[in-house]
Amino acid sequence: MNQVAVSVAGLSKRYGETIALHDISFEIDRGELFGFIGPDGAGKTTLLRILTSLIIPDSGKAVVEGYNVVKDYRKIRSICGYMPGRFSLYYDLTVEENLTFFATIFGTTVRENYDQIKEIYRLIEPFKSRKAGKLSGGMKQKLALSCALIHRPVILFLDEPTTGVDAVSRLEFWDMLKRLKQNGITILVSTPYMDEASLCDRVALIQDGRIMRISSPGEIVRDYPYPLFSVKAKDIYRLLGVLRDYEGVHSVHAFGQLVHLSFIEKYINLDALRDYLHQKEFHGIEIHPIPAAIEDCFMELMQGYKDQIVATNNI
Amino acid sequence: MNAGPENMIVVKDLVKKFGSFVANDHLSFDVRKGEIFGFLGANGAGKTTAIKILCGLWYPTAGELKIAGYDIYTQREEVKRNIGYMSQKFSLYDDLTVFENIRFYGGIYGLRKKEIKERAYDLMVRLGLETARDKLIRELPLGWKQKLAFSVAVFHNPKIVFLDEPTGGVDPITRRQFWNLIYEAARNGITVFVTTHYMDEAEYCDRVSIMVDGRIAALESPDNLKLKYESATMNEVFIKLARVKVGKP
């Protein structure tokens, strides 16, 4: 039976004139792997800092594992594991010294909770005498995660753990998170990478301090409202411009070597489109219907909020 | 080594050592004029080191290096005058306005006052920033900052622009607008040297090189790389090439 691990109602926070969070409300169940997906400036770090009791909100309420993040901040800090963006390690201490340090300040020892971090830590244990500053990005990640887990937290907050890290290390990190989830830890992760959303149980798509949508990744992509196609042809740059002028087109976005094209109408005449592109002297044309990905949905939601964004930034 | 006028970057046996650690191990490649060249690699592979050397910020340990036709050892100042640089971490001054930043960089790049004024106006109109002319950079959304930073980096029409993870953390729509700016610059003859962790962006490049352990493990067009490594996407290619063995620091 699921219980609620995190409950947030009407949370708001501003820094001077900038509204970082605008009336945010949501709930997260125990054992969920929950993602906050959005670009820099969306409010992810502010939100995680409030939930881990590091910042006080201007208004609203947040409860983590039954504790109020403002009033019960001491309790919050003992039950949360937190990995802030930009690694939280002491670069002039060794791997082993970092881990021991974090264990000690939480009133425990490495030995006592070794089983908790074993799977992750064993990958860097051969380097335990190396200074943390001399580790590669992927290794720093593993150490930071170990340090966040060493006191057996019931809930883990990870702020952009995969930012600035290469595609291979990102995959390995998410594998580690999935294994952790199996141990029953509730995990909240923030990320600007849209493709990582599909690795979560549920996600909140955040932009400019507002949640645009919360749901499972599957539901979000199922709800994409327009017929979507991928178009391939030589000269993507020119193709983008030509497709934008085609009648009935709703959106045109580059996705690597393909263009994602959506239409307002339900019935699309693909032959007519193919002919049109032939006329415009495109070669090697391939058009396929495709399911939407989180990135398509995110951009669609963003367009919907465009007016609000402009108003908020006074530009 | 092909030192013809069509090659904007010519690298031969570039080596960079830090003590006994070899960060760049005999790199050799050329970049053509107007090319969009993707420079990829896992963390710790040696990318950042190589870029700093190409920009004239660090000296190589050994090897030949010509940027925009100038020798990196004997003509450093000419190199710097002919390149632009932008990274995620360093671009514009937060406490200056949009116009002040443009004017400042224009001055550094040696443009005259009149030129700066004219080009600044064009730039702001093109980016839709006329009304933000007197806004402090720190007040702009990240996406606008990044687009402005790129435009400033090419303000003086350099022969080459180096972009170090320029779209990190930026929303997906702005990312694409940013790449439109890159395409435009390349069409205008500027050679673009870009690193990125977004594998879909690797597909926008004319050619891509992938560094592994201080060496270049592959250098081809995205299409050729996908064929050669039997992959549907650049993401797959990258994972096949760059997967680090377990236990490596």
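Colleague: At what angle do helix α5 and helix α6 of chain B pack, and how far apart are their axes?

Modeller: Happy to start there, with the reminder that this is a predicted model. The two helices cover residues 142-153 and residues 172-187 of chain B. Their packing angle is about 10°, and the axes lie 10 Å apart.

Colleague: Are α5(B) and α6(B) roughly parallel or roughly antiparallel to each other?

Modeller: Angles under 35 degrees count as roughly parallel. The angle here is about 10°. The helices α5(B) and α6(B) are therefore roughly parallel.

Colleague: Which residues of α6(B) does α5(B) meet?

Modeller: From α5(B) come B:G143, B:Q146, B:K147, B:F150 and B:S151. By class, this helix contact has 3 nonpolar, 5 polar and 1 charged residues.

Colleague: Turning to the open sheet in chain B, which are its edge strands?

Modeller: The sheet has 4 strands, in the order β2-β1-β4-β5, with antiparallel pairing. Within it, β1 (residues 7-18) and β4 (residues 62-67) pair over 5 bridges, and B:K12 has B:E64 in β4(B) as its bridge partner. An edge strand here pairs on one side only, which holds for β2 (21-32) and β5 (70-71).

Colleague: Which helices of chain B each supply at least two residues of the side that touches chain A?

Modeller: In that contact, 32 residues of chain B meet 34 residues of chain A. The chain B side has 18 nonpolar, 9 polar and 5 charged residues by class. The helices you are asking about are α6, α7 (199-202) and α9 (234-242).

Key: Residues numbered from 1 in each chain as written. Chains lettered and ligands numbered in written order. Predicted model: local features only at pLDDT ≥ 70, side-chain atom pairs only at ≥ 80, totals over all residues. Pairing = 2+ DSSP bridges. Axes fitted to C-alpha atoms, helices over the stretch in contact; angles between N-to-C directions. Parallel < 35°, antiparallel > 145°, perpendicular 65-115°, else oblique. Contact = placed C-beta atoms within 7 Å. Nonpolar A, V, L, I, M, F, W, Y, C, P; charged D, E, K, R; others polar.
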